[in-house]
Amino acid sequence: MELEIQKTDRIEGVIKAPPSKSYTHRAIIISSLAEGKSILNDPLYSEDTLASLNACRALGCEIKKEDDRCIVNGTGGVLETPEDVVDLKNSGTTLRIMTSVSALASNYTVLTGDSSLRTRPMQDLLDALKSLGVTAFSSRGNGKPPICIKGGFKGGKTGIKGDVSSQFISSLLIASPYAPNSVDINVEGDFISKPYVDMTTDIMEKFGVSLDYNKKQGSFHIDPQTYKGRDYTVEGDYSSVSYIIGAAAALKGKVTVKNVFKDSKQGDKQILDIVKDMGAEVEVKKDEVTIIGHGELNGTHVNLENAPDLLPTVAALGAISNGVTTIGNVEHARFKETDRIHTCALELSKLGVKVTEKKDGLVIKGGAKGGTVKSHGDHRLVMALSLVGLKTGGLTIENASVYDVSFPNFPDAMKRLGCNIKTK
């Protein structure tokens with residue numbers, strides 16, 4: 001499927017943010033581990049989150065999927081060994097978190113996925129689990145999926161690098177309450193993408209588990225305990241609404257996004273500061289934001305250490321802004337669905353944009369034109385590149401249907417706001 005995007009002068013309306021992908025993943029997995037029944041209100045059902053739901057089912061959890069809620073009868077941490085290899089499609093979050101969770105089941109669990117997922121580096125997590133009594137290894141011996149995990153999460157002390165993937169830390173934290181012994185996790189070196197770990201600890205606490213974090217030492221302590229089932233509502237996703245916010249900032253008009261919270265722990269909330277710095281007006285209330293665009297943005301300098309998923313959005317905005325936009329401290333974006341630093345540079349250069357690719361970011365000089373670009377199978381790249389088309393017109397994105405991974409009704413949502421987008 002292709003997306004064809006034509007120039008759009010004005011964008012206007014009120015829209016509800018799609019539910020958070022990150023919070024939905026964590027809510028499904030933690031409620032599956034909980035004791036008792038949980039009702040998850042307003043979850044995101046996308047390709048990635050369904051990978052987590054199906055993985056939890058494979059480990060013996062009973063889950064009923066309804067349109068606007070998900071009913072989970074928790075296992076209390078007593079997991080079954082899956083009957084077959086578990087296919088996680090392209091969900092890196094599911095792979096990372098379920099690697100530790102699978103160690104709570106007896107016998108062996110095998111996690112794999114599509115060709116992209118099988119390139120994801122996992123060795124640091126496998127090494128950290130070894131210190132906690134878990135036998136987990138790459139079936140091909142290259143530190144990448146398929147991953148084989150033998151049951152036996154004993155607890156103890158371990159260390160994990162903080163500059164590779166925050167999902168490794170979240171993975172260890174989520175499974176740790178069910179270890180028979182206390183778990184101490186020391187985060188070594190720089191702690192990147194910490195807001196994602198803050199989201200993890202936030203939802204762990206909401207499901208009844210307490211933990212200690214020593215900021216000075218960069219260490220976590222978790223005693224043996226049990227998650228408790230509860231009713232839980234998933235908040236809106238700043239990653240997904242970054243494309244709506246970006247469009248509203250770049251074009252003329254006024255857009256209000258509901259179900260995004262002022263006190264959210266999501267690192268991608270940074271998009272509000274970014275578009276404000278680039279020249280848009282931003283009004284923030286308790287549970288909604290309003291963006292007023294004047295049809296023109298200016299380049300800026302952005303540190304995306306704690307919000308790597310914003311890289312494609314900011315790169316696209318830089319391509320349609322006046323002057324130069326510099327994006328730094330985001331080398332970890334190279335290990336997402338694609339090497340996002342490289343694919344952003346490659347596709348924007350096809351649109352006449354002068355892009356310099358750095359080890360940890362991009363330098364972008366505005367001046368994009370229309371053209372044809374590829375998705376590289378990356379949902380965020382599709383949605384970000386669409387912003388360029390709204391400003392320039394004449395943009396075609398090939399293999400665009402992958403937006404389903406995180407924002408299943410993306411084209412319809414943008415059309416409702418007046419954007420000139422059509423599927424072909």
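Reader: Where do I start? What does strand β7 pair with?

Author: This is a predicted model. In it, β7, residues 108-112, is joined to β9 by four bridges, and the two strands run antiparallel.

Reader: Ok, and which residue stands opposite Leu-111?

Author: That's Ile-147, in β9.

Reader: How many bridges join β8 to β9?

Author: Four, and that pair runs antiparallel. One spot to look at is Thr-135, whose bridge partner in β9 is Lys-150.

Reader: What sits in the loop between β8 and β9?

Author: Pro-146 is in that loop, with β8 covering 135-138 and β9 covering 147-150. The peptide bond that joins Pro-145 and Pro-146 is cis, with omega about 5°.

Reader: New topic: backbone angles. What's up with phi of Asn-259?

Author: Phi there is near 70°, a positive value, and the residue isn't a glycine. You'll find Asn-259 in the loop between β15 (252-258) and α8 (271-278).

Reader: Is Asn-259 buried or exposed, and why?

Author: Asn-259 counts as buried because its relative accessibility is 16%, and the cut-off for buried is under 20%.

Reader: And what about phi of Asn-329?

Author: Asn-329 has a positive phi too, about 60°, and again this is not a glycine. Its place is the loop between β19 (324-328) and α10 (340-349). Asn-329 has 36% relative accessibility, so this one counts as partly exposed.

Reader: Switching to rings! How many aromatic pairs does a search of the whole structure find?

Author: Six. Among them is Tyr-178 with Tyr-227, a tilted pair at 5.8 Å centre to centre with 50° between the planes.

Reader: Last one: what lies over the face of Tyr-45?

Author: Lys-65 does, at 4.7 Å from the ring centre. Have a look at Phe-191 as well: the charged end of Lys-194 sits over that ring, 5.9 Å from its centre.

Methods. Residues are numbered from 1 along each chain as its sequence is written. This is a predicted model: local features need pLDDT of at least 70, side-chain atom pairs count only at pLDDT 80 or more; totals for chains, interfaces and linings use all residues. Side-chain values use heavy atoms; hydrogens and water are left out. Buried means under 20% relative accessible area, exposed over 50%, partly exposed in between (1.4 Å probe, protein chains only). Two strands pair if DSSP finds at least two bridges between them. Rings of Phe, Tyr and Trp (its six-membered ring) pair if their centres lie within 6.5 Å; planes under 30 degrees apart count as stacked, over 60 as edge-to-face and the rest as tilted. A charge sits over a ring if NZ of Lys or CZ of Arg is within 6 Å of the ring centre and within 35 degrees of the ring normal.
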